[in-house]
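These are my notebook entries on one protein structure. I set down what I looked up, step by step.

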Amino acid sequence: TNTGGSAQGDNPGAEFTDVLPPSLTLVSATATSGVATPTAATHTVYWGGEERVSLFPANELGYQVERSKFDALLLELAENTGAEVVTGANVRSAQRTNNSWIVSYLTQAGEQQATARWLLDCSGGAGVLARHGLRRPQPGRRTLALIANWQSEHGFGLADETHTIVESHEAGWCWSVPVSPSIRCVALMLDPELTQLQGRARLVQQYHAELARTVKLRALLQAA
């Protein structure tokens, strides 16, 4: 993080080299369904123009799974342990009593209620609870992520298709992870103070414009 009072100049070559601590784990295996099978645990980083390949510690493995399938698995396991899972519902309110919570939600059958001792607000930006004075913005820079999946029937020409790819450029950084042998997820991480955002209607055009700033990832996706 650059916390100085002026812009940081561009140094020749790599800006810095950092070894990730063992507590941080990057993915190294993919699965289109079911459980991911571990493979060689590596990732490739292009930071400041220099290539670096990093390895997991011996016998350590990483996994890459699709979020939708992972969520479905968690719901199934929750039901198997006795939890009641309600789908197709919109939470309207949550009220705190002396020793429990009362949650009102709407389904096709009408408005329903559920009572629980504990309540987790996992509603994201909607902030069912957080919007009632509980949201605490964190100081510091905000980052915008533009994400898309790219498909190439013949793969992406990497020496190891399981690699996570990380690359920096002058206005941000980006990463790519494999979703399947023929699909990669590519995310562009932007600093709103350095990049003029063009609105939702032009997100696709902006995604391609920001991707054009990269070198390795742009080349990787040419045939996708």
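**Entry 1: confidence.** I began with pLDDT, which is the predictor's confidence in each residue, from 0 to 100. I needed it because the model is a predicted one. I found a mean pLDDT of 78 for the protein, with 79% of its residues reaching 70 or more. I then looked up where pLDDT stays under 50. Residues 1-5 are one such stretch, and the model has three contacts for them beyond four places in sequence. Residues 24-40 also stay under 50, and for them the model has 52 contacts beyond four places in sequence. I note that where pLDDT is low, the predicted coordinates should not be read in detail.

**Entry 2: overall build.** I looked up the secondary structure and found three helices and nine strands. Along the sequence I read the pattern β-β-α-β-β-β-β-β-β-β-α-α. I asked what share of the contacts with a separation of 6 or more joins residues 24 or more positions apart. The share is 51%.

**Entry 3: surface.** I recorded an accessible surface of about 15600 Å², and 53% of this belongs to carbon and sulfur atoms. Of the 224 residues, 29% count as buried.

**Entry 4: cysteines.** How many disulfides does a search of the whole structure find? I noted zero. Cys-122 counts as exposed because its relative accessibility is 72%, whereas Cys-174, at 0%, counts as buried.

**Entry 5: salt bridges.** I noted a count of four salt bridges. One of them joins the side chains of Lys-69 and Glu-66, with an N to O distance of 3.3 Å. Both partners are partly exposed: Lys-69 has a relative accessibility of 37%, and Glu-66 has 25%.

Another salt bridge joins Glu-170 and Arg-213, at 3.9 Å from N to O. Glu-170 lies in the loop between β7 (164-169) and β8 (172-180), and Arg-213 lies in the loop between α2 (203-211) and α3 (216-220), so this pair ties together parts that are 43 residues apart in sequence.

Arg-213 also forms a salt bridge with Glu-210, where the closest N and O atoms are 3.6 Å apart.

Entry 6: Is each member buried, partly exposed or exposed? Glu-170 is exposed, with a relative accessible area of 62%. Arg-213 is partly exposed at 31%. Glu-210 is buried because its relative accessible area of 5% falls under the 20% cut-off.

Methods. Residues are numbered from 1 along each chain as its sequence is written. This is a predicted model: local features need pLDDT of at least 70, side-chain atom pairs count only at pLDDT 80 or more; totals for chains, interfaces and linings use all residues. Side-chain values use heavy atoms; hydrogens and water are left out. A disulfide is a pair of cysteine sulfur atoms within 2.5 Å. Buried means under 20% relative accessible area, exposed over 50%, partly exposed in between (1.4 Å probe, protein chains only). Helices (H or I, at least four residues) and strands (E, at least two) are DSSP runs, numbered from the N terminus. Contact means heavy atoms within 4.5 Å. Accessible areas come from the Shrake-Rupley method with a 1.4 Å probe; for residues, only the protein chains shown count as cover.
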